[in-house]
Amino acid sequence: MKEKTIDYVLRTTWLAVQKMYNEEASKFESTMATGFTLLSIDPEKGTPSTSLGPKMGMEATSLSRILKTMETRGLIERKPNPEDGRGVLIYLTEFGKEKRGYSRDRVLKFNEAIRKNIPLDKLNTFYEVADTINDLVTNKKIYTNEVNNTNY
């Protein structure tokens with residue numbers, strides 16, 4: 001293949017970003033997945049466990065494993081949901097809030113570096129392209145005739 005495929009560019013770029021985040025997280029005895037989870041939990045109100053998976057685009061079994069590890073490490077605590085007797089709310093502990101702050105700082109620093117190195121018009125085009133790819137994939141338009149009839 002002479003030309004790089006779109007999925008190759010997406011995959012290799014994401015793998016590089018993931019590696020960078022994991023290297024940063026390891027400095028704080030953490031992982032990218034833990035940092036992402038910390039950022040997905042409302043630091044004040046907590047978050048229903050059932051909404052975390054869809055919010056993060058993660059399978060329940062993977063999320064369950066991460067939450068168990070986070071609870072063992074003292075980053076989160078689970079409490080019954082007063083609005084739904086069957087549900088559980090995930091809350092950050094003080095230690096979890098501290099680690100969340102580290103994760104937030106790393107994400108903001110990454111975004112700042114990208115914005116300093118890529119002009120706004122190119123970033124806006126990137127977001128438009130990413131939204132279109134996400135729509136095509138999540139709405140299962142790739143392997144149907146629907147994609148050929150859509151003008152983006």
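**Close-up views of a predicted model**

**View 1. Lining of the largest pocket.** Helix H6 contributes 10 residues to the lining of the largest pocket, the largest share; helices are DSSP runs (H or I) of at least four residues, numbered from the N terminus. The model is predicted, so local features need pLDDT of at least 70 and side-chain atom pairs pLDDT 80 or more, whereas totals for chains, interfaces and linings use all residues. Residues are numbered from 1 along each chain as its sequence is written, and side-chain values use heavy atoms, without hydrogens and water. The volume of the largest pocket is about 1,400 Å³. Among its 37 lining residues, Thr 13, Trp 14, Val 17, Phe 110 and Phe 126 are the closest to the centre. A pocket is an open set of points on a 1 Å grid over the protein atoms alone where a 1.4 Å probe fits, with protein on both sides within 12 Å along at least five of seven lines; lining residues have an atom within 4 Å of a point.

**View 2. The aromatic pair of Phe 28 and Tyr 102**. The two rings are stacked, at 4.5 Å centre to centre and 20° between the planes (pairs have ring centres within 6.5 Å; stacked planes are under 30 degrees apart, edge-to-face over 60, tilted the rest). Phe 28 lies in the loop between H1 and H2, and Tyr 102 in helix H5, 74 residues apart.

**View 3. The aromatic pair of Phe 126 and Tyr 127**. This pair is tilted, with 5.7 Å centre to centre and 55° between the planes.

**View 4. Lys 79 and the ring of Tyr 91**. The charged end of Lys 79 sits over this ring, 4.9 Å from its centre (NZ of Lys or CZ of Arg within 6 Å of the ring centre and within 35 degrees of the ring normal).

Definitions and conventions
Grid points are joined across faces, edges and corners, and a volume is the space filled by probe spheres set on the points. Helices (H or I, at least four residues) and strands (E, at least two) are DSSP runs, numbered from the N terminus. Rings of Phe, Tyr and Trp (its six-membered ring) pair if their centres lie within 6.5 Å; planes under 30 degrees apart count as stacked, over 60 as edge-to-face and the rest as tilted.
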